[in-house]
Amino acid sequence: MSTPVSPDLTQAGLKRQPDIQLPGGMCYIRDLAVVSPDMLLVSNWGKQCVQLLDCLKGNVVSKVQLQDRPWRICLTDRNTAAVRVGYTKIQMIKVKNNTLTKDRGLTVSDAVYGLTSSRNSLVVSYRSQPWLAVISMDGKVLHQLDKSRKSQHFTLPDFMCTTPGGSVFISDNGTHTITKVDAQLNIIQTFTSPLLQDPCGITAVTEDQILVCSNSNHSILLLQPSTNTMSTLLGKDDGIEYPYSLTYCTDQKKVYVAPFCTDTIKVYQMS
């Protein structure tokens, strides 16, 4: 089997495809995750559920109802997703044969905001010290940002993503920055730009191509850590308005963007 060629978003164009409209109304999308080339997991805050969406047909093929409103979502392996439910609950969901079922749940001691997975563990962000923690799949704290450090890196760390190499990027809506940390939560680098206004959703395309929602700037930015640069990839002219969450499908080379408090998913195909 041949190895997929890594995309180069600095050279390729993104062509807008037809929007996907979630059925039923009152569908406030809080996060997205790709589970297969044509299937998306949708964290539906308005319907208090997680849905499995067929992107080609535009219909929901499975859903699980939750005990509280879902927020952040990530895959922990090919068949399992973790969802932040309310503030102190993480619900595991199995994905098998295009069907979603509830699995075990974890309760954490503080209010969780961001959520991603790395090296068979979960990485979470809080809105107070210690800001970041790595926890095992059974809820044990493995690492956390040192409480003794008076870090100015974070005030509202929210969305998170993991690169193929295991680095974690965090968007902070309070400091208007993106911060890169390693698997032990050591801060490697912090990025900022005049283009970055109220950063929200973040996803890794490659190790050196990170997509970020610049919410108030109505744009999707391309962050390239190796050169410490950010550039506008998609903007208002491309249909972007108040982007809130996004994800990237490697197989289809598509970017999916969910604006704030809508039932619409914007789709862009890499040329």
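This section describes the nonpolar core, the pockets and the salt bridges of a predicted model.

The largest nonpolar core holds 32 residues. Those touching the most other members are F169, I178, I202, I210, L211, I220 and V255. Eight elements are listed here as giving two or more residues to this core: β14 (157-162), β18 (199-206), β19 (209-214), β20 (219-224), β21 (229-234), β22 (243-249), β23 (254-259) and β24 (264-270). V255 illustrates the packing. Leaving aside residues up to four places away in sequence, V255 touches L14, L211, L246, T247, Y248, K266, V267 and Y268.

At least two lining residues come from each of β2 (29-36), β6 (70-77), β8 (89-96), β10 (112-118), β14, β18 and β22. β2 provides the largest share, 6 residues. By class, the lining has 22 nonpolar, 16 polar and 6 charged residues.

The second largest pocket has a volume of about 190 Å³. It is lined by 15 residues, with R72, R127, D158, C200 and Y244 nearest its centre. β6, β14 and β18 each contribute at least two of the lining residues. The lining divides into 8 nonpolar, 2 polar and 5 charged residues.

Three of the residues nearest the centre of this second pocket, R72, R127 and D158, also take part in salt bridges. D158 pairs with R72, the closest N and O atoms being 3.0 Å apart. This pair links distant parts of the chain, with D158 in strand β14 and R72 in strand β6, 86 residues apart. Both D158 and R72 are buried. D158 also forms a salt bridge with R127, at 3.2 Å between the closest N and O atoms. R127 sits in the loop between β11 (121-126) and β12 (132-135), 31 residues from D158. R127 counts as partly exposed because its relative accessibility is 31%. D158 has a relative accessible area of 9%, so it counts as buried.

Salt bridges that share partners also join R16, D19 and K266 into one network. Across the whole structure, 5 salt bridges are found. In one of them, the side chains of D19 and K266 meet at 3.2 Å, N to O. D19 lies in strand β1 (residues 14-21) and K266 in strand β24, 247 residues apart. D19 is partly exposed, with a relative accessible area of 32%. K266 counts as buried, at 13% relative accessibility.

Key: Residues are numbered from 1 along each chain as its sequence is written. This is a predicted model: local features need pLDDT of at least 70, side-chain atom pairs count only at pLDDT 80 or more; totals for chains, interfaces and linings use all residues. Side-chain values use heavy atoms; hydrogens and water are left out. A nonpolar core is a set of buried Ala, Val, Leu, Ile, Met, Phe, Trp, Tyr and Cys residues joined through side-chain atoms within 4.5 Å. Buried means under 20% relative accessible area, exposed over 50%, partly exposed in between (1.4 Å probe, protein chains only). Helices (H or I, at least four residues) and strands (E, at least two) are DSSP runs, numbered from the N terminus. Contact means heavy atoms within 4.5 Å. Ala, Val, Leu, Ile, Met, Phe, Trp, Tyr, Cys and Pro count as nonpolar, Asp, Glu, Lys and Arg as charged, and the others, Gly among them, as polar. On a 1 Å grid over the protein atoms alone, a cavity is a set of points where a 1.4 Å probe fits but cannot get out, and a pocket is an open set with protein on both sides within 12 Å along at least five of seven lines; lining residues have an atom within 4 Å of a point. Grid points are joined across faces, edges and corners, and a volume is the space filled by probe spheres set on the points. A salt bridge is a side-chain nitrogen of Lys or Arg within 4 Å of a carboxyl oxygen of Asp or Glu.
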